[in-house]
Amino acid sequence: MIRRALVCLITFGLVACATPPKTPPTAAPAASGAQSPQPNAATPAEGSVERVADVPIVVEDFATARANFVRDTAARYGIDPKYIDSVLSQAVFRDDVIALMSRPAERVKPWSEYRPNFITASRISGGQAFLAKHRDALTREEQAYGVPAEIIVAIIGVETSYGGYTGKHRVLDALYTLAFRYPRSGNPARAAYEQRREQFFRDELAQLFALGREEKLDITTLIGSYAGAMGMGQFMPSSYREFAVDGDGDGRRDLFNSVDDVFASVANYFRKKGGERGGWVPGGPVVARAELQSGYPEFNPDTWTPDYTLADLAQRGYRPIEPVAPDATATLVSLEGSAGKQYWLGFQNYYAITRYNNSKMYAMAVYQLSQAIAGREIPPA
C-alpha cells in the first residue's frame, strides 16, 4: 500500500504493483511522490500533483552513506547495528531494478486504451471466483470497515491478479539498490526529485528492518516488486507497519500467506489513509457521471481532493446527470473515452482509491472493475 513508491506505486501512498509489465498502471509511483507535470486546460492531469517539501541535495560517498544508515537505523528502531550491517552485507545491487526504475515514461494512454488492460472478461470472472471463494472473510471485513468486498477484491486484482503474481525481486535487494543507487538522469531540473526518491527508499529500507523485527520475518527471503512492495496487496514496508492488520487473530500480520490479514489490511488502509482529508466513507458514493454545458472551458483540477461543491462545479459548467446529494463535494475527472470526452464527479471514496495509486485512471479502473465483479453494469470505455 502505500506511502510512496513508483511507476506502479501509490503516489504518496502505498504500493508498487507487481502485475507484470503487460498491464501496469501508467501513473506516478506511490511512495514519496513522483510528481506529474502541472496540468493545463487542454490536458487533464493523469496523476495529480502532490507537493512535498524539497530535501537538500547531499553528496555522500557510498561508504559514508551506508555507515550513516546503519547508525541511524539502529538508533531509530533499537536494532543491533551489527545485525543491520550483517544483513546489508548480503544485499546485492541489482542492475535490473535500476533499469526498471530508469525506463522512459510511456505516453499517457487515453482512458479508451488504458481501461482494457484491467477490465477484461478474465479479470472480471477471476474476481468473481475470488470473491465467491473468500466471501465469508470479505463480508466480515466489509462489515468491520465499511469498505465493500468488491473494492477489496478489485484492488488485489489490479495489483497482483488476485495473488497470482506478487513480484520476483528480493525486497532487500530492491530497496538496497534504490536506497543507495537510485538512478540519476543528470538533468538538473530533476536533481531534487531524484534525491527525494532515494531518501524515500532509504527510509523504506530502514523500515524493512523494523518490520522484520516486529513481524518476526526473515527480511533476506522476502520477495516483491522491483520497488520493494510486498504481498497480495503490494504494501511498502512503511505501509505494512502502519496499516497492516491481524485479520485471522493468530498474533501476526502476514500479508504474504493470510488472506484474512490481507483483506483486513487493505480495508484498514482505505479507511485510514488520507491524512486530514480522511479515507473511505462507508456507504458513500464513489463517482457520478456529469456533463459540461456548451460554452464553458474545461476545468482540470490539479489534485483529486473532492473540494468543490455542486455550486462551484455548476459555475464552471458541470452538472451531474445522475442523482447526487445536494451537499456533496467532489473533484472533476475528465477521461478520453472511445466516443469522446467523459466527465465524472469524484467523491471522497474516489479520492480514497487514489491514495492507493495517485492516478485518476487507476482509481476509475479499480472502481469499474469492482462494479463488474459485483455484477453491475459499467459504461463503455
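Predicted model: local features only at pLDDT ≥ 70, side-chain atom pairs only at ≥ 80, totals over all residues.
The structure holds 22 aromatic pairs, and I will go through two of them.

First, F62 and F180. Their ring centres are 5.6 Å apart and their planes stand at 85 degrees, so this pair is edge-to-face. F62 belongs to helix α1, residues 62–77, and F180 to helix α8, so the pair ties together parts that are 118 residues apart in sequence. F62 is partly exposed, at 34% relative accessible area. F180 has 10% relative accessibility, which is under the 20% cut-off, so F180 counts as buried.

Next, Y83 and F209. Here the centres lie 6.2 Å apart with the planes at 90 degrees, so this pair is edge-to-face. Y83 is in helix α2, residues 81–88, and F209 is in helix α9, 126 residues apart. Y83 is partly exposed, with a relative accessible area of 39%, while F209 is buried, at 2%.

Now the helices. Helix α8 covers residues 171–180 and helix α9 residues 191–215; their axes come within 7 Å and cross at roughly 145 degrees. That crossing is left-handed. On the α8 side the contact residues are V171, L172, L175, Y176, L178, A179 and F180; on the α9 side they are E198, F201, R202, E204, L205 and L208. By class, that is 10 nonpolar, three charged and no polar residues.

Last, charges over rings. The charged end of R181 sits over the ring of F93, 3.7 Å from the centre. Elsewhere, R316 lies over the face of F299, 3.9 Å from the ring centre.

Conventions
Residues numbered from 1 in each chain as written. Heavy atoms only, no water. Axes fitted to C-alpha atoms, helices over the stretch in contact; angles between N-to-C directions. Helix = DSSP H or I, 4+ residues; strand = E, 2+ residues; numbered from the N terminus. Left-handed = near helix turned anticlockwise from the far one by under 90°. Contact = heavy atoms within 4.5 Å. Nonpolar A, V, L, I, M, F, W, Y, C, P; charged D, E, K, R; others polar. Phe/Tyr/Trp six-rings, centres within 6.5 Å; stacked < 30°, edge-to-face > 60°. Buried < 20%, exposed > 50% of the residue type's maximum accessible area, 1.4 Å probe, protein only. Lys NZ or Arg CZ within 6 Å of the ring centre and 35° of its normal.
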